[in-house]
Amino acid sequence: MTKSLLDTDILSEYLKGHDQNVAKQAARYIEQFGVLTFTSITVYEIVYGLELKAATSQLKKVSAWLNQNEQITPVAADYVAAATIKASARRQGSVLELPDCLIAAVAVRLQMPLVTGNTEDFQAVQQTGVKLDLDNWREGL
C-alpha cells in the first residue's frame, strides 16, 4: 500500500462506518502509516456538512479526530494548477468544482494516489492530461 491522499467522500464514508470495504482499507492504511492523510479542503467540506446539520456534538468529536491525522494545506502553486485543471476540463465540456481541482492539484504535486469514490469527476481531471493516480477503496481488496 502506498501513502495516499483521501478525498472527502472516502473520509466521510470512513467516519460514518457504513462501507465495510472502506473500513477495511482504512484499517490497513492506518496500520501501515499510523494516520490518514487528507487536505484542509476536505476538513472544510466535512465541517461545513456537520455545521449545516447543526450536529454540534458530532462536530466536536470529528474535529478532535481530524486533528490527530495528517492534514495538508494547499500551497500557492496548487491554486494555479487547480485553475489550469478547471479551465482545461471546462474547455473539454466538463464542469469541475474548485475543491476537487484543488485536491487533485495537491495529490499531483505530492505524487500521491487520490483515494476517491468520485471517479467520474477525477477521470475528467485525468482527461486534461494531468497525471493523477486514482484508487477507490469502495471496490474492496
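## Salt bridges

Let's start with the charged pairs: a search of the whole structure finds three salt bridges, each being a side-chain nitrogen of Lys or Arg within 4 Å of a carboxyl oxygen of Asp or Glu. The model is a predicted one, in which local features need pLDDT of at least 70 and side-chain atom pairs count only at pLDDT 80 or more, while totals for chains, interfaces and linings use all residues. Residues are numbered from 1 along each chain as its sequence is written, and side-chain values use heavy atoms, with hydrogens and water left out. Side chains of opposite charge can pair when their charged atoms come close.

One of the pairs joins Glu70 and Lys3, with N to O at 2.8 Å. Glu70 sits in strand β3 (residues 70-72) and Lys3 in the segment before β1 (5-6), so this pair links distant parts of the chain, 67 residues apart. Helices (H or I, at least four residues) and strands (E, at least two) are DSSP runs, numbered from the N terminus. Glu70 is partly exposed, at 26% relative accessible area, and Lys3 is partly exposed as well, at 35%. Here buried means under 20% relative accessible area, exposed over 50%, and partly exposed in between (1.4 Å probe, protein chains only).

## Two further pairs

Arg138 forms a salt bridge with Asp9, and their closest N and O atoms are 3.2 Å apart. Arg138 lies in the segment after β5 (134-135) and Asp9 in helix α1, so the pair ties together parts that are 129 residues apart in sequence. Arg138 counts as partly exposed, at 31% relative accessibility.

Arg109 and Asp78 also meet through their side chains in a salt bridge (2.8 Å, N to O). Is Asp78 buried or exposed? Asp78 is buried, with a relative accessible area of 2%, while Arg109 is partly exposed at 36%.

## The largest pocket

Now for an open space: the largest pocket holds about 230 Å³. On a 1 Å grid over the protein atoms alone, a pocket is an open set of points where a 1.4 Å probe fits, with protein on both sides within 12 Å along at least five of seven lines, and lining residues have an atom within 4 Å of a point. Among the lining residues are Ser12, Lys16, Glu45, Ile46, Leu50 and Val62. The elements giving two or more residues to this lining are α1 (8-16), α3 (40-52) and α4 (56-67). Of these, α3 gives the most, with four residues.

The lining of the largest pocket divides into four nonpolar, three polar and three charged residues.

## A nonpolar surface patch

Tyr44, Tyr48 and Leu52 form a nonpolar patch on the surface, and together they have about 370 Å² of accessible area. Such a patch is made of residues with over 30% relative accessible area and no salt bridge, their nonpolar side chains joined within 5 Å. Accessible areas come from the Shrake-Rupley method with a 1.4 Å probe. Tyr48 is found in helix α3 and is partly exposed, at 45% relative accessible area.

## Positive phi in the loops

Which residue in the loop between α3 and α4 is worth a look? Ala54 is found there, and has a positive phi of about 55° although it is not a glycine. Ala54 counts as exposed, at 58% relative accessibility.

Gln111, also not a glycine, has a positive phi near 55°. Gln111 lies in the loop between α6 (98-110) and β4 (114-115), and counts as exposed at 72% relative accessibility.

Note on methods:
Points joined across faces, edges and corners; volume = space filled by probe spheres on them. Nonpolar A, V, L, I, M, F, W, Y, C, P; charged D, E, K, R; others polar. Patch = residues over 30% accessible without salt bridge, like charges linked within 9 Å, V, L, I, M, F, W, Y side chains within 5 Å.
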